[in-house]
Amino acid sequence: MPEGHTIHALAGRLNRAFAQEQVRASSPQGRFAGGAQILDRRVLVEAGAWGKNLFVEFDGDVWLHVHLGLIGVFPVVPLPVDLRGLDPSELPTSGAVRLRIAGHGHVADLRGPMTCALVAPGEIAALTGRLGPDPLRPDADPDLGWAKVSRSARPVAELLMDQAVVAGVGNVYRCEVLFRHRVDPMRPGKEIRRSTWRAIWDDLVRLLPLGVIYHQILTMDDQIEAAEAEIAAGEALRHTADLTGERLGDHFERRFFLYKRTGEPCLVCGSKVRAKPLAGRTLYWCGRCQRRR
DNA sequence: TAGTGATGGCTAA
DNA sequence: TAGCCCTCACTAC
């Protein structure tokens, strides 16, 4: 289920649960037994995210790279009091746990990741160097994305999904943000105006943090404004303060302009929402609102 | 209860 | 282009 906001939220949960703590690591499934052995009893220094990639630093300059892919999950849950102090191998396991990280008060089980590997510090730079700017990172430079968009004949909907152009955008955000700016998803990158690109980028910088805070993709204006008002009032904290990954239920009603609304009326013009595969995923768009102008 | 598709993206062919 | 990772929410029966 991960777009970039999910991974940034996950990094935050890992930090709240384990940062600066010596942890136990194991691989109940066995497929990461060697790596887990190297991580075991190290201090988890800090977790961070770049787009959909999670990087976790352990003492001794040992780095873990995780990519959840489409089906991976990595819930961080508090340990029930009666299970604390047990050897992590004695904790109950559900599913194929590639990597278990256990601390004094929490346990995190990684299941179904696309990537789970130890990487040398130098490889981190190589990995992030292949990624485009991440709107969730304060040092992100949107011009790096623009340089690729403005030279490409590929459809903008395909470019937005390309992690080398923008890191962290997935199928929901690409469909919704293109609609929010009434951009024809099939328009070639080089025909996009710089001001349009900048507006899309600024919108991502606004929307993705809401996704991190609420663990929910928000793209409808009324919900965005309600979320921002809660944050400004300090009320959003109660949704995030104790978040360790348990499913809390959606804080906002789950609704989008287009996503998974094939054939239903566009919320702006009433014409039918269209869908077709693009860049390996289902693109949703409104043929009238997003007509090329 | 069983089947399906997905908020990814790599590798092999 | 298909396979894979092998989860999870949702649907049809």
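Reader: Why is D139 called exposed?

Author: Happy to start there. This is a predicted model, and in it D139 has a relative accessible area of 53%. Exposed means over 50%, so D139 counts as exposed.

Reader: What makes R137 and D139 a salt bridge?

Author: Their side chains meet with N and O 3.6 Å apart. The cut-off is within 4 Å, so the pair qualifies as a salt bridge. R137 has a relative accessible area of 26%, which lies between the 20% and 50% limits and is therefore called partly exposed.

Reader: How do you know that D203 and R180 form a salt bridge, and where do they sit in the chain?

Author: The N to O distance for D203 and R180 is 2.7 Å, and the limit is 4 Å, so this pair passes too. The two residues link distant parts of the chain, with D203 in helix 7 and R180 in helix 6, 23 residues apart.

Reader: Are D203 and R180 buried or exposed?

Author: Buried means under 20%. D203 is at 7% and R180 is at 16%, so both names fall under that limit.

Reader: How many disulfides does the structure have?

Author: A search of the whole structure finds 0. For C266, the nearest cysteine sulfur belongs to C289 and is 3.7 Å away. A disulfide needs the sulfurs within 2.5 Å, so C266 is in no disulfide.

Reader: What about C286?

Author: The sulfur of C286 is 3.6 Å from the closest cysteine sulfur, in C269, and that is too far for a bond. C286 is also buried, at 0% relative accessibility, and C266 is buried at 5%.

Reader: What makes R255 and E253 a salt bridge?

Author: Their closest N and O atoms are 3.1 Å apart, so the pair is within the 4 Å cut-off. R255 is partly exposed at 26%, whereas E253 is exposed at 55%.

Reader: How many salt bridges are found in the whole structure?

Author: The search finds 14. R24, D40 and D87 are linked in a network of salt bridges.

Note on methods. Residues numbered from 1 in each chain as written. Chains lettered and ligands numbered in written order. Predicted model: local features only at pLDDT ≥ 70, side-chain atom pairs only at ≥ 80, totals over all residues. Heavy atoms only, no water. Buried < 20%, exposed > 50% of the residue type's maximum accessible area, 1.4 Å probe, protein only. Helix = DSSP H or I, 4+ residues; strand = E, 2+ residues; numbered from the N terminus.
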